[in-house]
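This report is meant for a reader who is meeting the structure for the first time. Please look over the sequence and the model before reading on.

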Amino acid sequence: MDSKMLVRLGAVIFVAIAITATVIELIRQEDTARVRSVPQLQPSADPLQAMLRRCQGLGEAATRDADCLSAWAESRDRFLGNTPAPAAPQPGER
């Protein structure tokens with residue numbers, strides 16, 4: 001066999017493999033046909049979240065709002081995993 005014949009044989013084999021791979025890819029069933037619906041976002045029922053949104057809307061004025069300060073403290077405690085300290089007994093209480 002001369003070199004021209006080997007080159008032609010290699011080209012034919014390459015084209016045959018490329019056509020076979022293309023046919024297999026076209027025949028393969030697509031998993032994308034099963035489209036899953038995205039769950040609807042439910043509004044948060046968390047009152048802390050609602051308060052934080054309100055404070056966000058207040059902007060700089062929120063730094064002087066007592067409700068915002070307490071909401072930020074509670075949010076910080078939740079994030080850090082701190083549990084609120086038990087209330088100290090008042091003098092004369094048991």
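## Surface and burial

In this predicted model, the accessible surface of the protein comes to about 9000 Å², and 61% of that area belongs to carbon and sulfur atoms. Of the 94 residues in the protein, 6% count as buried.

## Helices

The protein contains 3 helices and 0 strands, and its pattern, when read along the sequence, is α-α-α.

## The disulfide

A search of the whole structure finds 1 disulfide, which joins Cys55 to Cys68 with an S to S distance of 2.0 Å. Cys55 lies in helix 2 (residues 47-58) and Cys68 in helix 3 (residues 66-80), so the pair ties together parts that are 13 residues apart in sequence.

The torsion about the S-S bond of Cys55 and Cys68 is about -100°, and the disulfide is therefore left-handed. Both Cys55 and Cys68 are buried.

## Salt bridges

The structure holds 4 salt bridges, and one of them pairs Asp46 with Arg78, whose closest N and O atoms are 2.9 Å apart. This pair links distant parts of the chain, since Asp46 sits in the loop between helix 1 (3-27) and helix 2 while Arg78 belongs to helix 3, 32 residues apart. Arg78 also meets Glu74 in a salt bridge (3.7 Å, N to O), and salt bridges that share partners join Asp46, Glu74 and Arg78 into one network. Asp46 is partly exposed at 23% relative accessibility, as is Arg78 at 49% and Glu74 at 38%.

Another salt bridge brings together the side chains of Glu25 and Arg28 (3.7 Å, N to O); here Glu25 is partly exposed at 44% relative accessibility, whereas Arg28 is exposed at 52%.

How values were computed. Residues numbered from 1 in each chain as written. Predicted model: local features only at pLDDT ≥ 70, side-chain atom pairs only at ≥ 80, totals over all residues. Heavy atoms only, no water. Disulfide = S-S within 2.5 Å. Helix = DSSP H or I, 4+ residues; strand = E, 2+ residues; numbered from the N terminus. Buried < 20%, exposed > 50% of the residue type's maximum accessible area, 1.4 Å probe, protein only. Areas by Shrake-Rupley, 256 points an atom, 1.4 Å probe, with all protein chains shown as cover.
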